[in-house]
Amino acid sequence: MLDTSRVQKELAEGNRDTETSGVSIALHDGADLTHLSGTITGPVGTPYEGGVFVIDIRLPSGYPFEPPKMQFVTRVWHPNISSQNGAICLDILKDQWSPALTLKTALLSLQALLSAPAPDDPQDAVVAQQYLRDYQKFVGTARHWTETFAKSASVGMDEKVKKLVEMGFPEDAVRAVLEATKGDENMALEKLCSG
Amino acid sequence: MADDVDSPSSSEVEGTEDRYFYLSDQEDDIAENVLQDLEDGQQEDCSWSVSSVITKESLLAAQKVDLRKVMELLALSEHNARTLLIHYRWDVERVFELLEQKGKDRLFSEAGLTIVENKMIDLSSCCDPFTCSICFEEVSPTAVTEMDCGHYYCNECWTEHFIVKINDGQSRRIRCMAPKCNAICDEAIVRSLVSTRHPDIADRFERFLLESYIEDNNKVKWCPSVPHCGNAIRVVGDIYCELECICGKQFCFSCLSEAHSPCSCIMWERWKKKCHDESETVN
């Protein structure tokens, strides 16, 4: 059986220093403790800088004695992450998993993976080839993908603004509130209603 | 290639594949030894000759002989000796060889054997509640177990970890739960913690440890009889030989198919393939 008390503690602990760590964890759909969703920010000085990457997290019933299943939802150009489906090749998510690791440390490891690709043990052979043969082109593609897919939060923002404006709130107020709630529509709506 | 399969040339038989042949005079010895083992029956500390049959009953004793050798020479506990032997595929001579080459420390650490002389803290003497870093629960110090490597977690978490690993078929090498810790868990602790909650899984663990002597051992193989007679055969010396199990099954120790001397294993494999392929067209 899934250790729910540990997961709940991890959720609280994992979001304590989101600002500095660049890592956050949340329930995927509010009720199911086995389906979470994490985000990491692209490390500074890498082609992923400035991007926010969403990771789908599924907890097996044996968690934390079995590793969590993690997969990138945000498309990313990286030798150890599938450009097709976001599958990740990282030892600690497989045989090197230890129950003493947490979702947060796993996400931090993913962030570290973005900084230090391991093209010799690739998940995506095409990306790894490019990384080894034409590094400049790799950096270009990775940056382009970050711009296109990992910054779409701001694209989504316009839609959210439009939706709330249609509900009858002034656009300035909507933008300000969405800014404050980091794009969380429901919280924004609550604030708009109460204020 | 196709020609080779259909009609191996005689030069090939006599020439390049010489090393796959068995000497027929050795076979008599083998047969004699098997017979002698049969007569010796349950005698446990019989010296291994060219080959011997290990029955379900003598498996434990056979394993103990090797364990004792290593325990005595290296002054190790049984579980540490077993960890070492599983890592080095029950090859006692190789363990002793490597001991000279690499020294004790490297021999041990490569096998996942950690012996901490002075334990970091004395868990039994401190009475503050302890927070397990896996379940994040506070537990009494009496419900905490420390492994040889010095890492300690609550008994509940250890038990859960052991069960997951045993169910995963990793009984022989259950590693400590600490990240990047290579140490193998003490089998006595595994046994006692698991058996209090799941005696059936503890039994399975026991069986896996016992069968490791056969499955992680280059010189011992299960008899290939179908249905399985439950016996295993151990050889000393050349593993390219033919044997007879006490169940009557005659087989080649190297490829486990029926006895096929003087034909080599590779050629026998090709012959069987040829027969199989042809049978489709003959009928």
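B:S261 counts as partly exposed because 18 C-beta neighbours fall inside 10 Å of it, where a residue is called buried with 20 or more other C-beta atoms within 10 Å of its own, exposed with 12 or fewer, and partly exposed in between, the C-beta atoms being placed from the backbone. This is a predicted model, in which local features need pLDDT of at least 70 and side-chain atom pairs count only at pLDDT 80 or more, while totals for chains, interfaces and linings use all residues. Residues are numbered from 1 along each chain as its sequence is written, and chains are lettered from A, with ligands numbered from 1, in the order in which they are written.

- B:S261 sits in the loop of chain B that runs between β9 (250–252) and α11 (265–282), with helices (H or I, at least four residues) and strands (E, at least two) taken as DSSP runs and numbered from the N terminus.
- B:C241 is 20 residues from B:S261 in sequence, and the C-alpha atoms of the two are 8.8 Å apart in space.

**The two chains**

- Chain A has eight helices and four strands, which follow the order α-α-β-β-β-β-α-α-α-α-α-α from the N terminus.
- Of the 195 residues in chain A, 34% are buried, and 50% of its contacts between residues at least 6 apart in sequence join residues at least 24 apart, a contact being two residues whose C-beta atoms, placed from the backbone, lie within 7 Å.
- Chain B has eleven helices and nine strands, and 29% of its 283 residues are buried.
- Among contacts in chain B with a separation of 6 or more, 49% are between residues 24 or more positions apart.

**Where the chains meet**

- Eleven residues of chain B contact eleven residues of chain A.
- The side of chain B that touches chain A consists of eight nonpolar, two polar and one charged residues, with Ala, Val, Leu, Ile, Met, Phe, Trp, Tyr, Cys and Pro counted as nonpolar, Asp, Glu, Lys and Arg as charged, and the others, Gly among them, as polar.

**The annotated cysteine of chain A**

- An unreviewed UniProt entry carries the annotation "active site" at A:C89; UniProt positions are given in the numbering used here, feature names are shortened, and annotations may be inferred rather than shown by experiment.
- A:C89 lies in the loop between β4 (69–72) and α3 (103–115) of chain A, and it counts as partly exposed because it has 18 C-beta neighbours inside 10 Å.
- Leaving aside residues up to four places away in sequence, A:C89 touches A:N80, A:D121, A:P122 and A:Q123.

**A helix pair in chain A**

- Helices α7 (residues 171–180) and α8 (residues 185–194) of chain A pack at about 130 degrees with their axes 9 Å apart, where axes are lines fitted to C-alpha atoms, for helices over the stretch in contact, and angles run from 0 to 180 degrees between N-to-C directions.
- The contact involves A:A173, A:V174, A:V177 and A:L178 of α7(A), together with A:A188, A:K191 and A:L192 of α8(A).
- By class, this contact between α7(A) and α8(A) has six nonpolar, no polar and one charged residues.

**A covered helix in chain B**

- Helix α5 (residues 78–87) of chain B is mostly covered, with eight of its ten residues buried, and these are B:H79, B:N80, B:A81, B:R82, B:T83, B:L84, B:L85 and B:I86.
- The cover over the buried residues of α5(B) includes α4 (56–74), α6 (92–102), α9 (187–197) and α10 (199–215) of chain B.
- Just after α5(B), B:R89 has a positive phi of about 50 degrees.
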